[in-house]
Amino acid sequence: MSDRIRLGIDVGGTNTDAVLMSGKRVLATMKSFTTQDVKSGVENAVKALLAGHGAAPAAIEAVMIGTTQFVNAFVQRRDLAQVAAIRICLPTGDGVPPFSGWPDDALAAVGGRHYLVGGGSFYTGKEFAALDEDAVAAAAADAAAAGITAFAISATFSPLRPDIEIRAAAIVAATVPGASITLSGDVGGLGLIDRENAAIINASLAPLAGRVVASLKQAFRDMDIGAPLYISQNDGTLIDTELAARLPILTCSAGPTNSIRGAAFLSGISEAIVADIGGTTTDVGFLRGGFPRETSAVNMIGGVRTNFRMPDTLSIPLGGGSVVSFTDEVSVGPQSVGYRLPREGRAFGGKVLTATDIAIRAGQTGIGDPALVSGLSGELVESALASIHHQVEEAIDQVKVNAVPLPLILVGGGNILVSRDIKGASQVVRPPHAEVANAVGAAIALVSGRVDRLFDFGAGRDVALAEARAEAVAATIAAGAAMEQVEIVDLEELPMTHVQTNCVRVKVRAIGPLAALA
């Protein structure tokens, strides 16, 4: 890693964290509140960071940003575009239509209009029907007449035959000039329904992503920072702004991923449990080989099944702003004052008793005014601390795959809530700069390339795997990685035992540092 200065930023629901790094050194950190327009919150954090360190904007050679704004928008059903889903599947593949199983409010938010047209391929990639181009054009025209310009196109086994969706997209673009089009093969795995759902979610978010990315680029121009801008995605690696604006779903879980990657970097530990305690929630994940463990099952985004890459994390309603109540018994959360903590927390002059007030009263942190919480009884404080530690222990127990104790790395501004040993953890590690580990994770992010498709093992396993590795390396270099530093970090073979074939599904991931910083 070079000694050039880079800027890492994580835009969360409560805080925007920023860090300035040179090589492996953290030069300066800043934590400020997230604003509704994102842009001004980023500007506030970066300006304060640069002013505190004294670095000139021109000294920054790369900017990496992670954000959960897009997934928050879908979960909250806000700023979503109406979507027309075109599935290429007839005469088969119509048993479960698009939008099946969607929550009513999500369906209402994205429109729920869909079309089934002829075409598609078998699992071998061989076509079972030619693409019905007239039907695609008619579907696009009908949707446009209803005022819809965002399209999600899916086809059977499109990861093996991407050309079918690409041709359909060209027809839609010619029929509806300016249409926003998402291809399911760009965002999901082999399974049609879950891949199609991911494409629809992405299509509903793409216009918002375009506006957010444009505002961020303008923010850096306004601050005279001309360095290239990258967005971190769900697996902890980087994509450029154009791809992020087109495929925002690939970035929607970057926050937890950045925290886990930052925890590994700051602690020097590659196998551990990571708990990121924020203002409202605690995200608990598993660190394996320096990267987050990914989910092996379907993912639920805002109540919708998908199958794209996500970190395997558990989120619980516990954070620094969690409200402490004590009617029949003492409980902490799930209600939270979140970003209002500096106004409403008792130790800051407010009236709401929060988890942070308990930590201050227990002497676990030097923030706030201890005199304002000195009247809390020792019994109340003890009960609240017991609740906090019990919730963290329960979450850790759920993400572990066996009983072997592992190190627990605590990060996030709310890490001050934990002060005791944790069951299931061999040790509790609180690395330097833990409060901005997510921004550090963004700053150290690498570039990756993936391959996930069927390979014919008829000419030999070694030949097929060599082909898969070469494709992953080429994809990584094409994404901007330094050619000589790309390495394979994951290779998985999944034999298709349910059919008689020489084909084996092979998943390969390669990573490498940005060529611009290598």
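Where is Asp 222 found? Here are my notes, with that residue taken up in point 2.

1. **Ground rules.** This is a predicted model, in which local features need pLDDT of at least 70, side-chain atom pairs count only at pLDDT 80 or more, and totals for chains, interfaces and linings use all residues. Residues are numbered from 1 along each chain as its sequence is written, and side-chain values use heavy atoms, with hydrogens and water left out.

2. **Asp 222.** Asp 222 is found in helix 6; helices here are DSSP runs of H or I with at least four residues, strands are runs of E with at least two, and both are numbered from the N terminus. With a relative accessible area of 43%, Asp 222 is partly exposed. That label covers the range between buried (under 20% relative accessible area) and exposed (over 50%), using a 1.4 Å probe and protein chains only. Leaving aside neighbours within four places in sequence, Asp 222 is in contact with Lys 39 and Glu 43, where contact means heavy atoms within 4.5 Å. Asp 222 and Ser 383 are 50 Å apart in space, C-alpha to C-alpha, and 161 residues apart in sequence.

3. **Helix 1 against helix 6.** Helix 1 (residues 39-53) packs with helix 6 (residues 192-222) at an angle of about 35°, and their axes are 9 Å apart. The axes are lines fitted to C-alpha atoms over the stretch in contact, and angles run from 0 to 180 degrees between N-to-C directions. Helix 1 contributes Lys 39, Val 42, Glu 43 and Val 46 to the contact, and helix 6 contributes Ser 215, Leu 216, Gln 218, Ala 219, Phe 220 and Asp 222. These residues divide into five nonpolar, two polar and three charged. In this scheme Ala, Val, Leu, Ile, Met, Phe, Trp, Tyr, Cys and Pro are nonpolar, Asp, Glu, Lys and Arg are charged, and the others, Gly among them, are polar.

4. **Glu 196, also in helix 6.** Glu 196 is found in helix 6 and counts as buried, at 2% relative accessibility. Its contacts, leaving aside neighbours within four places in sequence, are Arg 87, Pro 98 and Ser 154.

5. **Aromatic pairs.** The structure holds three aromatic pairs. Rings of Phe, Tyr and Trp (its six-membered ring) pair if their centres lie within 6.5 Å, and planes under 30 degrees apart count as stacked, over 60 as edge-to-face and the rest as tilted. Phe 74 and Trp 102 make an edge-to-face pair, at 6.2 Å centre to centre with 85° between the planes. Phe 74 lies in helix 2 (residues 69-75) and Trp 102 in the loop between strand 5 (83-90) and helix 3 (104-110), so the pair ties together parts that are 28 residues apart in sequence. Both Phe 74 and Trp 102 are buried. Together with Phe 99, they form one aromatic cluster.

6. **Charges over rings.** Phe 74 has Arg 77 over its face, at 5.3 Å from the ring centre. Elsewhere, the charged end of Arg 261 sits over the ring of Phe 291, 4.2 Å from its centre. The criterion is NZ of Lys or CZ of Arg within 6 Å of the ring centre and within 35 degrees of the ring normal.

7. **Backbone points to inspect.** Most residues other than glycine have a negative phi, and most peptide bonds are trans. The peptide bond from Leu 90 to Pro 91 is cis, with omega near 15°, and Pro 91 is in the loop between strand 5 and helix 3. Gly 333 and Pro 334 are also joined by a cis peptide bond, with omega about 0°; Pro 334 is in strand 20 (residues 330-336). Phe 157 has a positive phi of about 50° and is partly exposed, with a relative accessible area of 29%. Its place is in the loop between strand 9 (150-155) and helix 5 (162-175). His 433 has a positive phi near 65° and lies in the loop between strand 22 (425-429) and helix 12 (437-443).
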